[in-house]
Amino acid sequence: MNYKVYIYALMLFLSVFATSGLNFEGIIKRNHIYEAKALVILLIMSLTYLSASFIISFIEVL
């Protein structure tokens with residue numbers, strides 16, 4: 001059970017690292033800074049959850 005925390009932490013780090021390479025200026029309206037930050041946070045959280053859940057499910061099948 002304790003390994004799940006480490007997997008989620010690792011996936012959080014990788015999600016932040018992966019989204020830092022994206023350019024959101026083309027899809028975000030001007031002067032909507034808070035909405036853009038909320039979008040990035042939700043994107044990071046969803047990527048973290050999906051990737052960690054996939055890895056945990058894969059480990060439990062083995």
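Predicted model: local features only at pLDDT ≥ 70, side-chain atom pairs only at ≥ 80, totals over all residues.
Trainee: At what angle do α1 and α2 pack?

Mentor: About 140°, with the axes 8 Å apart. Helix α1 covers residues 3-19 and helix α2 covers residues 33-61. Helices are DSSP runs (H or I, at least four residues), numbered from the N terminus.

Trainee: What does that make α1 and α2 to each other?

Mentor: Oblique, therefore. Under 35 degrees is roughly parallel, over 145 roughly antiparallel, 65 to 115 roughly perpendicular, and the rest oblique.

Trainee: Which residues of α1 and α2 make the contact?

Mentor: From α1 they include Tyr3, Ile7, Tyr8 and Met11, and from α2 they include Leu43, Ile44, Ala52 and Ile56. The residues of this contact divide into 14 nonpolar, five polar and two charged. Asp, Glu, Lys and Arg count as charged; Ala, Val, Leu, Ile, Met, Phe, Trp, Tyr, Cys and Pro as nonpolar; the others, Gly among them, as polar.

Trainee: Which residues of α2 are buried?

Mentor: Ala36, Ile44, Thr48, Ala52 and Ile56. Buried means under 20% relative accessible area, exposed over 50%, and partly exposed in between (1.4 Å probe, protein chains only). What covers these buried residues includes α1.

Trainee: Take Ala52. Why does Ala52 count as buried?

Mentor: Because its relative accessibility is 0%. Ala52 lies in helix α2 and touches Ile7, Tyr8 and Met11, leaving aside residues up to four places away in sequence.

Trainee: Is Leu42 buried or exposed?

Mentor: Exposed, because its relative accessible area is 54%. Leu42 has its place in helix α2. From Leu42 to Ser20 the separation is 22 residues in sequence and 14 Å in space, C-alpha to C-alpha.

Trainee: Switching topic. What is phi of Asn31 near?

Mentor: Near 60°, a positive value in a residue other than glycine. Most residues other than glycine have a negative phi. Asn31 is found in the loop between α1 and α2, and Asn31 counts as exposed because its relative accessible area is 78%.

Trainee: Last one: how many residues has α2, and what does it reach?

Mentor: Helix α2 has 29 residues and reaches 42 Å from first C-alpha to last, close to the 42 Å expected at 1.5 Å a residue. The expected span is 1.5 Å times one less than the number of residues.

Notes
Residues numbered from 1 in each chain as written. Heavy atoms only, no water. Axes fitted to C-alpha atoms, helices over the stretch in contact; angles between N-to-C directions. Helix = DSSP H or I, 4+ residues; strand = E, 2+ residues; numbered from the N terminus. Contact = heavy atoms within 4.5 Å.
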